Structures are given as structure tokens and as C-alpha cells.
Amino acid sequence: MKVLVAVKRVVDYNVKVRPKSDGSGPDLGNAKMSINPFCEIAVEEAVRLKEAGTATEVVAVSIGPAKAQEQLRTALALGADRAIHVVSDEDLEPLAVAKCLKVVCDNEQPNLVLLGKQSIDGDNNQTTQMLSALTGYGQGTFACKLEVDGEKINVTREIDGGVQTISLNTPAIVSADLRLNEPRYASLPNIMKAKKKPLDSTSPADLGVDTAPRVTMLKAEPPAERQAGIKVEDVATLVDKLKNEAKVI
Amino acid sequence: MSILVIAEHNNESLNGATLNVVTAAQAIGGDVDVLVAGSNCGAVADAAAKVAGVNKVLCADNDAYGHELAENVSALVAELATNYSHVLFPATTNGKNIAPRAAALLDSQAISEIISIESADTFKRPIYAGNIIATVQSSCPIKVLTVRGTAFDAAPAEGGSASVEAVSSAHNAGVSEFVGEEMVKSDRPDLTSADIIVAGGRGMGSAENFHLLEALADKLGAAVGASRAAVDAGFIANDMQIGQTGKIVAPNLYFAVGISGAIQHLAGMKDSKVIVAINKDEEAPIFQVADYGLVADLHDALPEITSLV
Ligand SMILES: Cc1cc2nc3c(=O)[nH]c(=O)nc-3n(C[C@H](O)[C@H](O)[C@H](O)COP(=O)(O)OP(=O)(O)OC[C@H]3O[C@@H](n4cnc5c(N)ncnc54)[C@H](O)[C@@H]3O)c2cc1C
Ligand SMILES: Nc1ncnc2c1ncn2[C@@H]1O[C@H](COP(=O)(O)O)[C@@H](O)[C@H]1O
């Protein structure tokens with residue numbers, strides 16, 4: 001089984017991003033960039049399938065600027081076999097990303113595509129579902145468990161109210177939720193080895209994808225600030241304030 | 001303009017999240033129709049017809065839609081959407097599963113988790129874990145949106161008298177199958193609609209200690225929530241996670257107990273009206289958003305609060 005895994009370069013999850021002073025967008029300055037945490041979980045799952053002998057090859061793909069190569073190298077260090085970089089300096093919308101991934105799927109013919117549930121920058125939670133629509137494949141979003149069962153893939157999904165298990169025909173598309181696995185750290189020898197693994201570059205234009213944006217950001221502003229509160233010295237005061245000041249209990 | 005709202009339900013009753021979406025639809029303007037796609041879901045369609053402000057209910061009652069499989073429901077939505085300018089889903093896990101798939105079938109760029117409607121094509125939505133509110137404008141002929149429930153009031157569940165029209169088209173993609181589900185049973189109020197939430201984090205220490213929280217919740221008639229760390233540690237079910245990638249809540253009163261206040265957690269609860277933080281570390285970032293902070297060991301504080309409220 002061949003597994004394709006999509007990784008995105010995003011601002012590190014520890015960074016608190018603020019809007020630019022002119023309100024034109026996020027101010028990323030020299031913020032630390034990382035592999036999107038959900039994509040890391042997707043890579044880990046693909047590598048585990050390979051270690052279990054279920055997957056024969058793991059191909060990592062990223063659409064992004066030249067520097068997205070760093071995140072592809074991370075995926076290779078975590079155990080992916082080779083990488084495809086779709087070079088794009090613009091920040092593409094999920095639909096455009098999905099269209100690029102669709103062409104990569106046509107070329108690579110994977111049996112399983114793993115993605116993250118959500119980009120922590122745009123908070124879209126769309127690309128997996130869109131790629132599934134464009135390919136016509138079954139989708140297992142928000143996966144907390146994945147089992148390959150012959151020609152089927154069983155996915156347990158985190159949903160409102162609990163968990164749901166569905167069975168997908170292959171090829172299938174799955175998005176990783178937080179509890180699918182706990183990703184490993186790349187070891188130094190594997191980081192060195194990753195530098196020699198194959199990484200091919202292409203572009204949305206080469207793939208024949210129109211990436212013109214459909215949605216434009218008119219303004220980026222900070223959320224309403226909360227008023228600073230007070231510290232209370234004991235439980236009795238707290239309960240009194242909740243009853244008589246805030247009147248919420 | 002005409003708007004199609006996709007109802008959230010379990011084939012028996014209409015989920016309240018639908019009512020907030022109806023309000024968002026009315027803010028856009030134009031006729032508001034509701035699609036109920038399910039199996040033996042007639043009672044849901046009847047309930048949707050009673051919602052104030054609904055023009056017409058489309059009821060697609062077919063086995064293929066019984067478990068809301070995205071492959072089947074998105075094909076139905078894409079077929080019906082061509083009659084509408086906007087298609088609105090609640091930003092529930094089900095809505096998030098189906099909306100982008102339907103949008104891609106329509107070659108439309110969906111917009112996730114809108115929190116305000118500026119005009120028929122311009123919306124606000126949080127990005128970067130809620131640290132930025134973006135105003136975005138869509139040029140798509142059919143706009144597909146998911147709506148954050150906490151940002152819009154619920155439309156009255158009674159008062160409407162819409163007609164119910166059967167939709168016969170059956171889309172069965174045949175690529176996915178429902179196997180089973182395990183739903184958490186609870187007598188407590190639902191997190192997304194609760195008036196009071198008592199949430200615990202890693203500081204709770206164990207699943208047993210969550211009983212301290214539950215005792216307080218039961219006394220207040222509150223829902224119980226959790227941080228990711230508490231869910232990961234197995235203290236409580238995944239369905240209780242509040243945050244950027246869990247549930248978004250905005251109750252009147254939110255207790256954060258043994259929760260440090262990571263960006264990702266704040267993203268899910270900082271719109272609560274009153275926030276109480278109980279933490280033994282006085283430097284914990286949660287105190288920066290708390291109206292009332294208590295520096296204390298939760299093992300002492302929780303039983304004491306429970307006895308006083
Ligand atoms: C991609 C991604 C998505 C995420 N999504 C979410 C999300 O949706 N929701 C979410 O919550 N997190 C999310 N996180 C995780 C988040 O970054 C934090 O790790 C998490 O919120 C921490 O949980 P916590 O506050 O319970 O634990 P900790 O940060 O470990 O805090 C525990 C707190 O308990 C206090 N404490 C300990 N013992 C006691 C005691 N006896 N009495 C009183 N106080 C005590 C400590 O002082 C500490 O402040 C996400 C992370 C990533 C990378
Ligand atoms: N530019 C990109 N390059 C590669 N994968 C991406 C890109 N954007 C999104 N994805 C994938 O789609 C998932 C969901 O992203 P999103 O729909 O933006 O929330 C991510 O976790 C990635 O796996």
C-alpha cells in the first residue's frame with residue numbers, strides 16, 4: 001500500500017500571533033515556523049503503517065514557499081521515503097491546495113492519503129474533505145484510530161457526543177485528530193539521512209491548477225480584550241462575588 | 001438571495017445548533033429554507049417547520065443519509081445548492097465534515113466558523129486560534145459557510161409554519177459505510193448550550209478526581225468540560241475537550257480548574273461571560289483572562305465551593 005501524507009508549514013503552535021498594525025493580515029515577522037501539529041500526527045501514522053509492513057512507501061507532499069522544504073525534510077526525518085514540493089509563494093486557499101493534491105494523487109496513485117484535521121494558522125478544517133470530493137474517495141475525518149482491513153480502511157472518528165467508526169473503500173482519505181497517535185521525535189542520524197532522500201519540486205502551474213483566490217481578507221484585527229479581573233483570597237469570597245457581584249449563581 | 005440551512009439532528013430530534021444557524025441566515029436576508037437529510041427523519045422535518053423564520057423545509061428521507069455519511073449528504077447538498085445563494089451549516093463536527101466536501105463539489109471556497117455577518121458576501125471569522133479576527137469577502141456565486149453557534153442567538157423553536165417538501169433524490173456513493181458509534185451518555189446539560197461549565201485540566205490529576213468537579217457541576221446544574229491534556233490523560237471523554245480544536249463554548253460562567261490557560265484552550269472559552277480560575281500556580285496564564293482568580297489547591301477548593309453554592 002502506498003501512502004501520501006500532506007504536510008503544511010505553519011507558525012509554531014507556541015507563538016501568539018497578532019495582526020499587523022495596518023490590519024492587512026497576521027504579523028508573522030520572524031516567528032518560528034514548524035510542521036502543522038496535525039500533519040505531524042499524520043506523518044507518524046503513515047510511518048507506523050510502514051513499520052507494520054502495511055505500507056510499502058510513504059510520500060510526503062507540501063504546497064508552500066521555498067522554505068516549506070524544511071518541513072518536508074522533517075517528514076523525511078520522521079520516516080517518509082520521499083517528498084514532493086509544490087512551490088507556491090502565495091498562501092493558497094484549501095480548495096486550491098486540494099486541487100494541487102488531486103493532481104498529485106492522479107500522478108502517484110496512493111491507496112491512502114493522510115492529512116491533518118486542521119491548519120493551526122487558518123483554522124480551516126477543509127482540505128481533507130475537499131480533496132475527498134475532488135477524487136470521489138471516501139473520507140474519514142478527525143480520526144483517532146485507523147485500521148487497515150484488507151481492501152478496507154476502518155476509521156474511528158472523534159465526533160460531537162462520542163466516537164463513530166466507519167469503513168472506507170480504498171483509496172481513502174483520512175484526517176488525523178490529536179489522539180490518533182503521539183508523534184516521535186526525529187533522531188539526529190535520521191535527520192542526517194533525510195538530507196539525502198529524494199525531494200522533487202513542481203508548481204501549481206506545472207500541475208495545471210488555477211490558484212486564484214476566491215476569498216479575500218479585507219481586515220485582520222485583534223479580538224476584543226477581556227478586562228483584567230481580580231484575585232480573591234478564599235472560597236467564601238469567591239462564592240460571595242459570584243452570587244452578589246456577578247450574579248451568575 | 002435565498003439561503004439553505006443544513007439541519008443538525010439524530011433522525012429523532014432537531015439539534016439546537018440549527019437554531020443559531022437560522023438566525024445567521026436571517027441576518028444575511030432572503031428566504032431561509034432548511035434541509036433535513038436523514039432516514040425516518042419526518043419528526044425532525046416537522047420540528048424544523050415550526051422554527052420561526054423558516055420558509056420551507058426540504059426533507060430527504062433515505063437510508064443513504066441515515067448516518068450522515070459525508071459522501072452521500074454532500075452530493076445531495078451540492079445538487080440542491082444550485083437553487084441558493086448561500087448554504088449554511090452549523091460548525092459542529094458533522095457540519096465541518098460535510099460542508100467543505102459540498103463546497104468543493106460546487107467549486108466554491110467554503111468559509112469556516114463565521115462569527116458575524118457584515119453583508120451578503122462579507123463575514124468575520126477567527127484565525128490563529130482566535131488571536132486574529134479576519135474580515136473576509138467571498139466572490140463565490142454559491143457561498144458555503146459554517147456558523148459558530150456561540151456567536152448567534154438561537155431562533156425561536158416555535159412560531160413558524162413552513163411547508164415540508166419531500167426530496168426524492170438518493171445519492172449513495174458506495175465508498176463508505178457506517179460501522180458503529182459509542183456516544184457518551186450524560187444527564188448533564190450539553191457543553192455548547194450550558195449556562196455554567198465546570199472544566200478541569202491536567203491539574204485534576206486523575207479520573208477519580210474529576211468526581212470533585214462533577215459534584216460541583218451537579219450542584220450548579222452545569223456541564224463538565226476539559227482541557228486537551230485532561231482528555232489525553234484519559235480523565236474524561238474526548239467529547240468534553242474545549243478549545244481551538246475542540247468545542248467552542250461561551251457560557252455565563254466558566255470554571256477553569258487545574259487548567260494553565262494555553263492559547264489553544266483560551267480559543268475555546270474566552271468569550272464566556274464570567275471566568276473563574278482555580279490554580280495553585282499564581283503565575284498561570286489563565287489568571288490573565290479570569291474575572292475571579294483563586295490561588296489554591298483544587299483538592300481543598302472544590303469541595304469547599306460545592307458546599308457553599
Ligand atoms: C495542535 C494543537 C491543538 C490543541 N488543541 C487544544 C484544545 O482544543 N484544547 C485544549 O485545552 N488544549 C489544546 N491543545 C493543548 C494546549 O497547548 C495545552 O497543552 C493544554 O491546553 C494544557 O492543558 P492543561 O492546562 O490542562 O495542562 P497544563 O498546562 O499542564 O496545566 C495544568 C495546570 O494545573 C495546575 N495544577 C496542578 N495541580 C494543581 C492542584 N492540585 N490544584 C490547582 N491547580 C493545579 C498547574 O499549576 C497548571 O497550571 C492543543 C495543542 C496543539 C499543539
Ligand atoms: N499548503 C499545504 N500543503 C500541504 N498540505 C496542506 C496544505 N494546506 C493544508 N494541507 C493539509 O490539509 C490539512 C488541513 O488543512 P486546512 O484545511 O487548511 O485546515 C493540513 O493538516 C494538511 O495536512
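**Reading a two-chain interface and its ligands**

Q: How much area do chain A and chain B bury between them?
A: Buried area is the accessible area (1.4 Å probe) that two parts lose on being put together, summed over both. Here, chain A and chain B bury about 6,800 Å² between them, with 54% of it on carbon and sulfur atoms. Keep in mind that this is a predicted model, where local features need pLDDT of at least 70 and side-chain atom pairs need 80 or more, while totals for chains, interfaces and linings use all residues. Residues count from 1 along each chain as written, chains are lettered from A and ligands numbered from 1 in the order written, and side-chain values use heavy atoms, leaving out hydrogens and water.

Q: How many residues of each chain are in contact?
A: Contact means heavy atoms within 4.5 Å. By that test, 79 residues of chain A touch 84 residues of chain B.

Q: What is the count of salt bridges between chain A and chain B?
A: Look for a side-chain nitrogen of Lys or Arg within 4 Å of a carboxyl oxygen of Asp or Glu. There are 6 salt bridges between chain A and chain B. One joins Arg226(A) to Asp291(B), at 2.8 Å from N to O. On the side of chain A that touches chain B, you'll find 37 nonpolar, 20 polar and 22 charged residues (Asp, Glu, Lys and Arg are charged; Ala, Val, Leu, Ile, Met, Phe, Trp, Tyr, Cys and Pro nonpolar; the others, Gly among them, polar).

Q: In which sense do strand β11 of chain A and strand β11 of chain B pair?
A: Strands are DSSP runs of E, at least two residues, numbered from the N terminus, and two of them pair if DSSP finds at least two bridges between them. Residues 162-169 of chain A form one β11 and residues 176-183 of chain B the other; they run antiparallel over 7 bridges. In that pairing, Val163(A) sits opposite Glu182(B).

Q: Where does ligand 1 lie?
A: A residue is near a molecule if one of its heavy atoms lies within 4 Å of it. Ligand 1 sits between chains A and B, with 30 residues around it; among the nearest are Arg202(B) and Ser260(B). An oxygen atom of ligand 1 is 2.6 Å from a side-chain N or O atom of Ser227(B), and a polar side-chain atom of Asn279(B) is 2.7 Å from an oxygen atom of ligand 1.

Q: How many residues surround ligand 2?
A: Ligand 2 has 17 residues around it, with Ile63(A) and Thr127(A) among the closest. A polar side-chain atom of Ser119(A) lies 2.5 Å from an oxygen atom of ligand 2. For Ala6(A), a polar backbone atom is 2.8 Å from a ligand 2 oxygen.

Methods:
Helix = DSSP H or I, 4+ residues; strand = E, 2+ residues; numbered from the N terminus. Polar contact = N/O pair within 3.5 Å; in protein donor to acceptor, adjacent residues only side chain to side chain.
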